Amino acid sequence: MSNLATQRKLVEQLRREGAIERKKVSQVCKELISFCEAHQQNDVLVSGFTNQKENPFKEKAGCMII
Amino acid sequence: MSVITEEPNRLTPIGAQNGELSSLNLGSNNGDTIEELTREVEALKKKLEEERAKFNDVALNVVAQKLEPITGFQLKARRSLKGHQGKVLAIDWCSDKRHIASSSQDGKLVIWDAFSTNKEHVVTMPTTWVMTCAYGPSGNFVTCGGLDNKITLYKLSTDEDISKQKRVIANHTNYISCNKFLYSDQQLITGSGDSTLKLWDVETGQLMQTFNGHQADVMCLDISPSEAGNIFLSGSSDHVALVWDIRSGQYVQIFDGHESDVNSVKFHPSGDAFATGSDDSTCRLFDLRADRQVGIYKKESILFACNSVDMSLSGRLLFAGYNDYCINVWDTLKSVRVSILYAHENRVTSIQVSPDGAALASASWDSNIKIWA
């Protein structure tokens with residue numbers, strides 16, 4: 001694409017983007033935080049496993065007595 | 001400033017100031033000149049910036065101040081997947097949460113059982129630098145490609161040599177840096193050094209859509225967690241991330257801020273925001289609805305490029321792999337570093353949280369893949 005066509009496309013894009021509806025940062029931050037709080041319970045990388053035995057990558061014990 | 005255009009009907013230089021051809025008239029479109037357009041772009045960008053600034057009433061880490069900090073975080077390197085003879089460039093988890101595909105500078109595609117650390121398949125590609133690989137959502141197919149400018153599809157089966165069941169399904173005019181399936185085994189999106197992204201029908205290898213807009217090499221892409229939005233993300237050496245409308249093929253939002261190549265883009269699990277990693281050694285969080293950057297993750301002591309980012313299941317943790325051999329773990333909300341994962345002996349190229357959020361896989365130039373859990 002030529003320089004001119006690229007610039008034209010960019011102008012159109014910027015006009016479109018200027019017209020989109022925005023939310024306040026404070027509002028979107030609150031929503032990101034609530035999403036996080038709603039899912040944090042199941043996020044084992046944050047809260048850890050309640051029992052290490054549930055960790056599929058936990059190394060097996062060295063020996064087992066039956 | 002000299003302007004080169006390929007338009008055959010360019011005529012009448014109208015702004016020959018200082019003896020230079022500083023603007024060109026195409027004779028159409030109300031006599032737009034490159035100068036006028038450039039001026040308009042600048043004006044629009046300024047207006048857009050002002051508009052965005054109006055909505056920037058408070059910072060994310062301020063809103064998150066009252067949250068409890070993350071304590072007791074601990075991840076250990078539980079597995080080492082060894083066998084590649086060169087730099088590991090890409091990894092992808094299978095939806096079964098157990099297998100991992102990896103591709104390497106050594107020209108190999110390997111399918112690993114991450115539990116046992118066994119290699120289940122090894123495929124030798126005709127070229128080295130296999131820069132990207134992807135598992136189909138069903139777990140029955142794997143694709144890979146790189147410097148060969150192609151994506152080859154392999155059907156996985158237990159008993160056969162899978163390289164006999166291969167098919168080229170995508171191609172570009174330059175190297176392929178990234179590829180991802182779009183919600184099913186039927187469609188694939190690829191990103192390339194030719195600065196485009198393309199959507200392919202996997203079955204027929206037919207090109208469905210070309211996404212033009214980046215000004216330089218496409219480095220990364222990510223698919224929205226919500227299918228309804230019909231959008232995906234890309235990042236490029238032109239320093240910006242773009243949000244694309246899959247159906248129209250147009251980009252709908254531009255996100256700038258990074259001062260160098262955007263190496264990695266990853267949707268927040270909510271689908272409303274995304275994280276990036278860049279050669280400028282920062283990670284950032286952009287929100288689609290606020291239409292701007294809402295978080296930045298950096299430290300004076302972090303000087304090296306970030307190659308790959310991913311988020312935990314809730315979006316609270318941001319994992320980032322760097323050229324200084326480290327994986328930094330950030331609190332996405334408070335914008336502070338929670339931990340450093342250090343086990344690799346060379347650049348960390350690719351990291352990915354497992355589909356169930358229980359583990360993190362990392363790949364490195366040290367030719368190893370590690371599983372953290």
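Mentor: At 1% relative accessibility, Asp331(B) counts as buried; buried means under 20% relative accessible area, exposed over 50%, and partly exposed in between, with a 1.4 Å probe and protein chains only. This is a predicted model, in which local features need pLDDT of at least 70, side-chain atom pairs count only at pLDDT 80 or more, and totals for chains, interfaces and linings use all residues. Residues are numbered from 1 along each chain as its sequence is written, chains are lettered from A and ligands numbered from 1 in the order in which they are written, and side-chain values use heavy atoms, with hydrogens and water left out.

Trainee: With which residue does Asp331(B) form a salt bridge?

Mentor: Side chains of opposite charge can pair when their charged atoms come close. The rule asks for a side-chain nitrogen of Lys or Arg within 4 Å of a carboxyl oxygen of Asp or Glu. Asp331(B) pairs with Arg316(B), the closest N and O atoms being 2.8 Å apart. Arg316(B) is buried too, at a relative accessible area of 2%.

Trainee: How many salt bridges are there over all chains?

Mentor: The count comes to 16. One of them joins Asp291(B) to Arg52(B), with the closest N and O atoms 3.0 Å apart. Asp291(B) lies in the loop between strands S20 (283–287) and S21 (292–297) of chain B and Arg52(B) in helix H1 (residues 34–54) of chain B, so the pair ties together parts 239 residues apart in sequence. Helices (H or I, at least four residues) and strands (E, at least two) are DSSP runs, numbered from the N terminus. Both Asp291(B) and Arg52(B) are buried.

Trainee: Is Asp272(B) buried or partly exposed?

Mentor: Asp272(B) is partly exposed, at 28% relative accessible area. Its salt bridge with Arg289(B) has its closest N and O atoms 3.4 Å apart. Arg289(B), at 14%, counts as buried.

Trainee: Why is strand S27 of chain B largely enclosed by the rest of the structure?

Mentor: 5 of the 5 residues of S27(B) (residues 360–364) are buried, so the strand is largely enclosed. Leu360(B), Ser362(B) and Ser364(B) lie on one side, Ala361(B) and Ala363(B) on the other.

Trainee: Which strands pair with S27(B)?

Mentor: Two strands pair if DSSP finds at least two bridges between them. Strand S26 (residues 348–353) of chain B runs antiparallel to S27(B), joined by 5 bridges, and Val353(B) has Leu360(B) as its bridge partner. Strand S28 (residues 368–372) of chain B is also antiparallel to S27(B), over 4 bridges; here Ala363(B) is partnered by Ile369(B). S27(B) and S28(B) form a hairpin with 3 residues between them, and Ser367(B) in the turn has a positive phi of about 75°.

Trainee: What is the area buried between chain A and chain B?

Mentor: The size of an interface is often given as the accessible area lost when the parts come together. Here buried area (1.4 Å probe, summed over both parts) is about 5100 Å², of which carbon and sulfur atoms give 66%. In chain A, Arg22(A), Leu45(A) and Phe57(A) lose the most area to chain B, together 17% of what that side buries. Contact, meaning heavy atoms within 4.5 Å, takes in 47 residues from chain A and 70 residues from chain B.

Trainee: How many salt bridges cross the interface of chain A and chain B?

Mentor: The rule finds 4, including Arg22(A) with Asp291(B) at 3.1 Å, N to O.

Technical notes. Buried area = accessible area lost by both parts, 1.4 Å probe.
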